[in-house]
Amino acid sequence: MSATALDYTYRYQQPSSLTPAAGAAGSRLHLATCSGAGEHPHFFAGAARRPLLLGKLLLALSDVVRTHFYQPFRPALMDPVVTASEEMLRFEGFSSCCGVYARVDFEAESFDAELTGRGTTNVDFNDPMRSALARLRDGEPVRLAVGRDEVSIERSGAATVEKKVKLPVRWLKGFGEVQAYQAELEPRLEVPPPEALRFVRTLPRNARASQRPGFVTRSGRSLRLSPRESPGSVRLAGTHRVRLLEPLLPGARLLRLWSDEGSGVTAWEIEHPQARVFLVLSPEVSRGFSGEGQLLELLAAGGGHGVLRQVRAQLHWQTRIDPEGLAARLGAEPMQVHGALAALGARGLAGYDAASGTFFHRELPFDLDRVEVLQPRLRNARRLIAEGGARVLRRQGGAVDVEVPGSSGVRHQVRLAAGGDRCTCPWWSRYQGRRGPCKHLLVARLVAEGDASAAAPAGPAT
Amino acid sequence: MSGPAAGDHRERFERLRDLILRAEIEPVAELLAPLEEKDRQRLSGPVWKLQRALERGDEVEPPSDSPIWARVRKELLGAPMEVLSAAQLAVLGVCPMSRVRGLRFWFLEPKGRRTLIRILRDRRPEWLGDWVEHVLQLEDGPPIDWSTIRDLVREGLCPRPESPAYVQLMARRMVSGGWGQTFDRPLDERLLDDPALLEVEVWSLFEVETGPEVWYPKLLVKGRQGPIPGSGWAEALRRLAERGELDRQRLLDHSLESLASGLSPRTLSSHRRFHESLEPTLDEITARQKAYRVLLGSRHGAVAGFGLKMLGRLHRAGRLETVPFLAAVTPVFELPAKAHALRALALVARCLDGDGESRVSDLALKAAAAALLHPSREVRERALEATARVPLEAADGEIREDFEQALGFVEPALARRLAERLGIDAPGTAEAGADAVVEERELRRRFDALSRTQRQRAGLEAWPGASLPPPWRTGFRRLRVLRGAERVAPIRDFDQLVDAVSHTVEIVDSATEVERLLGGLARLGAHRPAGFARRTEALASRLDKSSGGFTASGLGGSWGGVPLAIVDLLRTWLTGRRVRTRSWVRVSTGPYRFLRQRVNEVAVRLARGHAGPLLAEPTHRHGWIDPRALVERVAERPGLGATREPADLVQALLRLAPDHRREAREAAGRRLSGFDRDLIDFALGGERRPRIAPRTAAVWLAAARCRSPDGSLRPLLDGATRRPLAKAALRFVASGPDALESARYSWRATTTSRRVFWGEAGAWPYVEVRVEGRPEKTTSPYTPWEPLRKRAARALERQAVKVLFTMRELPTSALHRMADDAWEDYDQQTAWQVEWARQVWPANTDAILASGVRWISRGIDYTGAASSPHHAYLGSLLDSGRPWTEIAYLAAGTGLLARDPDVRGVAVDALVEGIGDGRVHPEPLGEILAGLWQGGWAKANRLASGLEEVARVGPLHELVVAGTLDRLVAGWPSIPHGAHHVFQLLDDALAALEAPVSEDAARVLESVRGGGKTARLARSLAQRRAGGPSPRNALACRLALDARIRRVEGLPANAR
């Protein structure tokens, strides 16, 4: 693995396709699953009750994965991830710019067959299949198969598909860390689909114009984008990212807007009967979910909650994980379990469903353990500790003052306090914790807690 | 290695080396030809090293008699290109694939390419196919040419590459040559030289990304003007099909299939054009009907439009399969372009005309329901018209559901028609009933409960009945601006101060933050707690580092104007001595000179080690100070008459809110004495009279403006002094508008020419706002001594002001001298700076709004205006405590017409809030808009889109928008361009309210002639008839009354 990208090969036994079903009218949508350890999992086969919606939602997900919303770069050809359990089929995708995460949930009732498979893997989304998805219509029978059983594999005999891509480390980090943001989201605004559609259409399409932040404000029964903040409004930048939702609104039940004031992350949920799409947006178009540092303190502590390993052992592809129940079973505090789940989320081992307010188990098919080492702020903090010079000045009440060496000989004063941490460095002064702790704060916490052993894997500073 | 074999190899390598260094490539190939693979492997290492050495420009011993080496200066240029090429060919002949992968044959001449093929032919490496695939996928293009790869394939040395890059390379190179290659023969003839291409490669052209440059190239070929006929793929394939060399039907099929693929719009456009150029016959189109239908599902408008066009031809010929077409047409309505949707609807309507079968009707209705959600109103209208004769009442449940959902989306007028067809109530009526929480009887009771004073405050002299209350106008002293206003929390301690300063250096959130900072420094800056140096070390370092740099959002890096004065203040605080940075940037003008004076006063205080509250620190948002708080501050810091900080005092007086003045006066009477008591009492409307001395003239004048922000101050100040110097001081300070006399504005929408580098340019939109007494800018002819004279005059004036009068001009006048030109607006470049100027005199922001009108109108159509903080000028429109003046309406109207989305956004916000709380009335707004239209540059679509957002808020907003547009239309001397946007919105609003246009507007509308969209709408509006106030209209009026009553409820009934 290089410092910035990881070579990865998507390997499918055959391309995903939409083909006319044999012997009957309608078509068969086969989503090819990726082999992790040599197997190509077979998760599900059954008829879709609403093919039009299925096509639209999958196409929107594919659009997210294939778009770089910040720059007109040619995005890497990455594929979505599917997680199957008895209750739900979830598709997740993450944009090339690392600023948009999309998840599409299909409840078991969306299909006329039971969901049986369990697991997570990549699914192939190729151009012909995307074109075919756009043509799906209600009233036309469509059978969906996620993975292919052995019999059909034997029959098909098509060539294996291999897509070699370079997965940027920040993309991998972001895909994991976006789960932590979702856990902080709160529902803010809710509008019926006609109003939502009208609002989405008023948003600037132009990527450049839409980078100016605005505030989504309730306006009568509808929403509007205002240039100024008002009580109850939600900050939004990069409105062209929301335009993706436009085709998904007809036929929906409602549009719900979620946000986390602390981080500035917003999420747009469209609820359909038996299906839901969740689009999570970073606070700025130029900012991705990686490197925002919401989990840095947790990671700085080495993810060292004793409960982490125990929680991980309890994961069995649950659609909803109840932290209280799990805490009771493990004899731990619910907050500890919640923290452990957030840390597991950052490592790609759990996702968060804001709609139900619970984590769910899925394992991203990438090796995220090593990505953690490459957190630049954490790495720099460890380097500062290794170089020495950080010292605790005073402990008073619950507060701790720590002096941490900065660049150019300046020494930064860090205060750790229950009422709010602070540091004198420009980064902290600018963002005041909205983008996670600065490296000095991480150093201070490690030094104050006497956990300087975490300095072990110090890498070069950036 | 030893023995005779090793000797042979060494000798062979030496010969090879010699040939390479002489660049004799044919002999290199001859030498390698007979070698076995194992012999080649033995040469691999030394040859690779030699090639690397040559590539790096390392020292090698060239043959002394080689003319090639004599040509170059080795130490500068490395090895000659020919030698490098020879070495690369040798690598190809002996090295494994791992090494060959890294080669770049950029310098091979045609002879070299032949040699390359010969070497590979002799060697026949098993990795050749993989290597070719590899080079085709290199990001910076393959290092060998298409013709070389093609020769390798033709000779069977490697299989046909599977990579799309192979076909893409063919597409490019056979058209444009490359590698110095040009073509004298058309492409179709050259293709016939290699007939195998016509069997496989040519058909793959429809599966890979290409573009118009290869399908329809416009090449300038050597010696010719214009492209060679047939030099592009489209022409070549068409000719080959005509000659029977290619199967025409297969070409039609492939090009059509490609349109349904996921190729880029660029490629699809070429394929579509090619397909059309084949001119398919009706039979050919009929045979491919299904494929054309598939195109309707395309996400590219051009492709879907093409599908519609071909299916339309079939319909005209009576060959369209109606049911499958109607089942497939729905996706067209998801495309944003209206042209395709309208074409699709036309076809749907024709299908309905020709076939009354229920299946056809159902499918047509389903398509129409989808079209009702289209962004274009025209499409939505056409969707209803197209299916007008199909009854909806009996439609099946799913179709009804679709239409009912569309009901919530379409405009009121359409919704009404649709509801009629569905046999249900229109949503507007239902909504009015559901929202009718403001009962008339209850309103009447609340109105009756108001005292006379409260009614005057609310602008409600009489019960308005079923109409809008009159525009809200009330005296300043009757206003209550602190009610519900956000409080400003002062900085409490040293830690908070350091944090606030550090944050402001990085990013200034608002002018209020700057005021908090000034207040914090004034109160706490003189104290130096233990650890001061350590705690501020990083901040000091940051300020030093950012000095002279640029920062868009923070104070760090400021290089002039007020921001630099604040940075100097921060440095003064950090060092304990006065710091003044010299700047080449023009000194601050207008209100910024005053604000700079305030900053400097705090700096002087810190340098002297004094601490105490700042009188002018706001207690509430928008810069307001609660008068009771001021009394407390003065009590803590008495001696206003001899103050060394006149700017602070003047600022404090100008910020006093109209609320709680009586309580504050009473407190002043108890806690203050002498000059302090007299001044505060006078400012707050008390009985005490001013006693003006030269150094207090500005202060008394500010107190008088605090007491009476509008109107003349002469009655208040007459007889306040008889001393000549004091009179002179008063005259000096009170010379501008809004000093002794309040400003009087006049305005007109016009156009102006602008000096650009090529001369005078065009007619630029401009709203000229004139202020009586405001000095107009004059440009005196340049003379060498002019700058010197100005500097001397300024210095003299500064000294006179310092010694005699304390202040050059009252800031209320200075507000009228805000920069109007980009060259002198250093202090107006960010939103917080404009906001700070707005807070100088929160009681009267007309001067700032007038400045905003000038700025906004200058850049009204300019895209780049969005990068300027013009929206900040309109901020005071959002202060809910004050009624709108004419200038406020003008600012809002100008904002609605601006292209800058932030300006329009604030204007819309201001209207939404202003209508909601009863400040905005349709009459003045409509009149202002009609006045702006006289400039000839107002864009009706911008106005309509802004007001549409406003109208969507609810019935009251609808009513005000309708009234505004009605007044605007009535004020039009002739119908301007784009009037249909206004008519459309007016029609929607009136349809929802079930109201007619006014008689004045009807006269204008009836004058519209013609049969176009504008005329149709005008006629429809003019024919609207009154049928008594609708429930929604009545609700809107009650909401307006409710807003007015709420404004004064809870206030003391007899409060002054």
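1. Start in chain A, where Gly93(A) stands opposite Ala102(A) in S7(A). Strands S6 (88-94) and S7 (100-107) of chain A run antiparallel and are joined by 7 bridges. Strands here are DSSP runs marked E of at least two residues, while helices are H or I runs of at least four, numbered from the N terminus.

2. A quick word on the model: it is predicted, so local features need pLDDT of at least 70 and side-chain atom pairs pLDDT 80 or more, while totals for chains, interfaces and linings use all residues. Residues are numbered from 1 along each chain as written, chains are lettered from A and ligands numbered from 1 in written order, and side-chain values use heavy atoms, without hydrogens or water.

3. Now zoom out: the open sheet in chain A has 8 strands in the order S8-S5-S6-S7-S17-S16-S15-S11, with antiparallel pairing (two strands pair if DSSP finds at least two bridges between them). S8 (119-122) and S11 (186-191) of chain A sit at the edges with a single partner strand each, so one side of each has no neighbour in the sheet.

4. Next, the two chains together. 47 residues of chain B are in contact with 46 residues of chain A, contact being heavy atoms within 4.5 Å.

5. How many salt bridges are there between chain B and chain A? The count is 9, where a salt bridge is a side-chain nitrogen of Lys or Arg within 4 Å of a carboxyl oxygen of Asp or Glu. One of these pairs is Arg415(A) with Asp495(B), whose closest N and O atoms are 3.5 Å apart.
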